[in-house]
Amino acid sequence: MIRYTVRVHRSSEGPAKEEQLAHRIAAVATDPVEIDADVTEMIGNRIIDNAAVSVASLHRRPVVSARDQALRHPAIPGAAVVGLPRNVRSSPEWAAWANGVAVRELDFHDTYLAADYSHPGDNIPPVLAVAQHTGRTGHDLLRGIATGYEVQVALVRGICLHEHKIDHIAHLGPSAAAGIGTLLGLDTESTYQAVQQALHLTTTTRQSRKGEISTWKAYAPAFAGKVAVEAVDRAMRGEGAPSPAYEGEDGFIAYLLGGPGAEYTVELPAPGEAKRGILETYTKEHSAEYQSQALIDLARRLGPKIGDTTKVRSITLHTSHHTHHVIGTGSGDPQKMDPTASRETLDHSLPYIFAVALQDGEWHHERSYAPERAARPDTVELWHKISTVEDPEWTRRYHSTDPAVKAFGGRVVVELIDGTVIEDEIAMADAHPLGARPFTRPDYVAKLRDLADDVVSADEVDRFLGLVERLPDLSADEVRALTLTTLDPLGASGSEGIF
């Protein structure tokens, strides 16, 4: 890996094009390295994972609306939209949009946490949509997805966005554009312009994940994927972008991040070095914000020890700065303690999540968020007894670059009314590669079969999994079929819009 320093430059001093971060990203995207076998396996896992969470969300209103919009933009050859018959094709940017919303709606797929947050699997819908529309093979698709993950991981590891209240899709637009550039075999110049365009158009605020969180939380990454497709299309037609997008004196770093004096270090593969970033990422066993995953597992473990939760006086979760301030009581969001809050808000309320997991001994993507579940009096009472505090040790572990030290858990102190104190801690979610039950291919397959039950036929699941098993060797026609169709093909919602 090569470490690059990224900073603001006055217009009169450069930097030279080849020294700009967007150009270095484009050079990585256009480096014709092959994909390692374990990376191929993991890409297959994440394609399965995305399919699982997509079919589980197909009847949810945001997904229906996005699919309805995609149906208004038919194209030949076009790309498939999950749930629809395979002969129904939409233009790739709109297929990326609809499929991206389906992937993100339940907050149930892969994650990478470092200096910033991300769901790298959001790269897959736009890359796959373009592959289907342009007739690319499974080998091409693998290379494109590997680049998307590589760039996403590098940017998330090196550049903190949330400190400046910029949403994490600002890293997704450039990574998806780079992935599409690899998929299509574009030259470095075209990919460079597409990366810059995608960055310029996907820098939005974190209000989408703050306060009363709306359905835009699922739409935002899909928007970044759609923008990436459109940016590549423009760049292929010879159109340029604001440049230098990262380092310019009126650019991204200067006015949206740390300012003219800020410096960031981004590590990217050296020429000829394999792209292995996907192996640093991890998926979710539970449909909830990743920083709650380990604590859900701990709650399930603590439930039998505590017993009757009406005997609890208080529960304090000692955890990292990020967890405390993003999904804990350190956020200052009253909505996180509101029984009438939206699913999107409850998904980002660690006190709520811990209370329900403690009482139920499980976490379910529908039952755990049901309005009647959130309003249950004994749950509300317990929920409001739970608080979070930042613990410097957990913050240190959160930011560690040593995989053996890095952790996303915390320590829980439960005080009962009779004075009894119960303590326990957990570092990693059970499904994490270093957790108690790391997810492997059979776990991803089981997740798909479980979430697809009553939505997709067993034969259709088998057909899809058979394609994933042969991913490197898929023909263009087989890549076009790499999307699940439901038992009852879905159509337009009948809802009203402009188009």
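Author: Start with Tyr444, which is buried, with a relative accessible area of 2%. Here buried means under 20% relative accessible area and exposed means over 50%, with partly exposed in between, using a 1.4 Å probe and protein chains only. The model is predicted, so to speak of local features a pLDDT of at least 70 is needed and side-chain atom pairs count only at pLDDT 80 or more, while totals for chains, interfaces and linings use all residues. Residues are numbered from 1 along each chain as its sequence is written, and side-chain values use heavy atoms, with hydrogens and water left out.

Tyr444 is one of the buried residues of H18, along with Arg441, Val445, Lys447, Leu448, Leu451 and Ala452. Seen down the helix axis, the buried residues of H18 fall within an arc of 155°, so they line one face; the arc is that of the directions from the axis to the C-beta atoms. An α-helix has 3.6 residues a turn, so residues three or four places apart point the same way. The face turned away from the buried side of H18 carries the exposed residues Pro442 and Asp450.

H18 covers residues 441-452, and at 1.5 Å a residue its 12 residues should span 16 Å, which agrees with end C-alpha atoms that are 16 Å apart. The expected span is 1.5 Å times one less than the number of residues. After H18 comes Asp454, whose phi is positive, near 70°.

What does the buried side of H18 pack against? Its buried residues pack against helix H2 (37-56) and helix H19 (458-469), where contact means heavy atoms within 4.5 Å. H2 is itself mostly covered, with 17 of its 20 residues buried.

Leu448 also belongs to the largest nonpolar core, which has 107 residues; Tyr246, Leu448, Phe464 and Leu482 touch the most other members. H2 gives the most to this core, with 10 residues. A nonpolar core is a set of buried Ala, Val, Leu, Ile, Met, Phe, Trp, Tyr and Cys residues joined through side-chain atoms within 4.5 Å. Leaving out residues up to four places away in sequence, Phe464 touches Ile47, Ile48, Ala51, Leu448, Leu482, Thr483 and Leu484.

Rings are the last topic. Rings of Phe, Tyr and Trp (its six-membered ring) pair if their centres lie within 6.5 Å; planes under 30 degrees apart count as stacked, over 60 as edge-to-face and the rest as tilted. The structure holds 15 aromatic pairs. One of them joins Tyr290 and Phe408, with centres 5.9 Å apart and planes at 85°, so the pair is edge-to-face. At 4% relative accessibility, Phe408 counts as buried. Phe439 has 15% relative accessibility and counts as buried.

Lys447 of H18 lies over the face of Phe108, at 4.3 Å from the ring centre. A charge sits over a ring if NZ of Lys or CZ of Arg is within 6 Å of the ring centre and within 35 degrees of the ring normal.

Notes. Helix = DSSP H or I, 4+ residues; strand = E, 2+ residues; numbered from the N terminus.
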